[in-house]
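Student: I am new to this structure. Please show me how to read it.

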Amino acid sequence: MTGHHACRACRGHDGQIVLDLGNQPACDYFPTYDDPGPDPVYPLQMWLCSHCGLAQLLEDPTVPEEPKGAEPAALVAQAADAVGRVAAAGLLPPGARIAEYGSPHGGSWLEMLVERGLPPVSSGGAGGSSPLGQAEPLGEADEADVILDCLGLMHAADQQAAIAERAARLAPEGVLLIQFHSIDTILRLGQWNALRHGHYAYYSVTALSAMLAGVGLSPRTAWHFDLYGGTILLAARRIGEAGRDGEGHAADDTIRDLLAAEAASGVTTPAAYAALQQDVRTRADALRGWLAGLKESGTSVLGYSAASRAIALLRLAGVDADLLPAVADASPAKLGKRMPGTSIPVISPAELITQAPREVALFVSDLMAEVRAAYPQVEAAGGHWVDADILR
Ligand SMILES: [Zn+2]
């Protein structure tokens, strides 16, 4: 079924729903704990464009207003790693004017780039609009030699407009750096809970290359990072432009290898997504079964991380406070709130430590090393951290 949806990137109408997570609350909406609900819910579905191959959010009736979460150390460490690797490739020359399109989830590179002698021009925002929601006027001052988009582009509802804005600001010899959580990773690792309201696009190098071509850019090289199980940083230039560093016009082996891997896994074909949909039910049932078993045996359990990806899993699993009494989170903005669409309160990490649960279900597995180091009291009291996705 296609409905009347037009592709957010190419405006094509042909495509199909490849992942359906049912009705979910807006994950950025955290009701206060004493708000009885019911919380409003909306369809959460991924649609795959038959023409350009971009996986995207089908509908989003919600207005994203996320309490800014604590910036994960994993994101900060990856940014430093990435800046080092991009600089080593000669793409961050001192004096190059830098513009950054940030993510509401943190992970800005700007400070590190300024320290390297790259002056910032007026910054873009997620979705390419000013804080007032108006399109920023383009002018000389807005042109940049290096435009960095670190997990920002996916927050734009209109992908075609967002990529066009970035391209329009790029100096003739400039480089556009786009970092994204790869759909190939999402498929390979079964990360169906990456799908969420407010995240409008789930990129492959294949689909992103088509978007870039539409605005006169082409990918040249890419770097792979382990962040989120597989994150790609792609460097693009104007088609036909060699760039100041004198590199060739064509994509290098890293791009060709990524495109070949994506062709093999079928990221632009609906069949590749079937396992993802099956995995949804399997994981939700497994989580519910595990929590029910703990309750039956009288084993104490709490959750950690009120991240958006936790919410779909808890909802699909039908888990409420009777099975999971609370979820701890380091963000002060979420304290005193409920996990949306559930009766589960959000508590502070200090409260989690005080309760000394036997099991702690961690909903963001990337944080495993970080939370074990930050809260040694959990294991000192005989508790175990458990990855909620795999229950180990
Ligand atoms: Zn499309």
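Student: Which residue in strand 14 is the bridge partner of Val 360?

Tutor: Two strands pair if DSSP finds at least two bridges between them. Strands are DSSP runs of E, at least two residues long, numbered from the N terminus. Here Trp 385 in strand 14 is the bridge partner of Val 360. Strands 13 and 14 run parallel, joined by four bridges. This is a predicted model: local features need pLDDT of at least 70, side-chain atom pairs count only at pLDDT 80 or more, and totals for chains, interfaces and linings use all residues. Residues are numbered from 1 along each chain as its sequence is written, and side-chain values use heavy atoms, with hydrogens and water left out.

Student: What is the strand order in the open sheet?

Tutor: The order is 12-11-10-13-14, five strands with parallel pairing. Strand 12 (346-347) and strand 14 (384-387) are the edges; each has a single partner strand, so one side of each lacks a neighbour in the sheet. Strand 10 (residues 301-304) pairs with strand 13 (residues 359-362) over four bridges. There, Val 301 has Glu 359 as its bridge partner.

Student: Are the faces of strand 13 covered or uncovered?

Tutor: Buried means under 20% relative accessible area, exposed over 50%, partly exposed in between (1.4 Å probe, protein chains only). Both faces are covered: Glu 359 and Ala 361 are buried on one side, Val 360 and Leu 362 on the other.

Student: Which residues coordinate the zinc ion?

Tutor: Donors are N, O and S atoms within 2.8 Å of the metal (3.2 Å for Na, K and Ca); water is not among the atoms, so sites may look incomplete. The SG atoms of Cys 7, Cys 10, Cys 49 and Cys 52 coordinate zinc at 2.2 to 2.4 Å.
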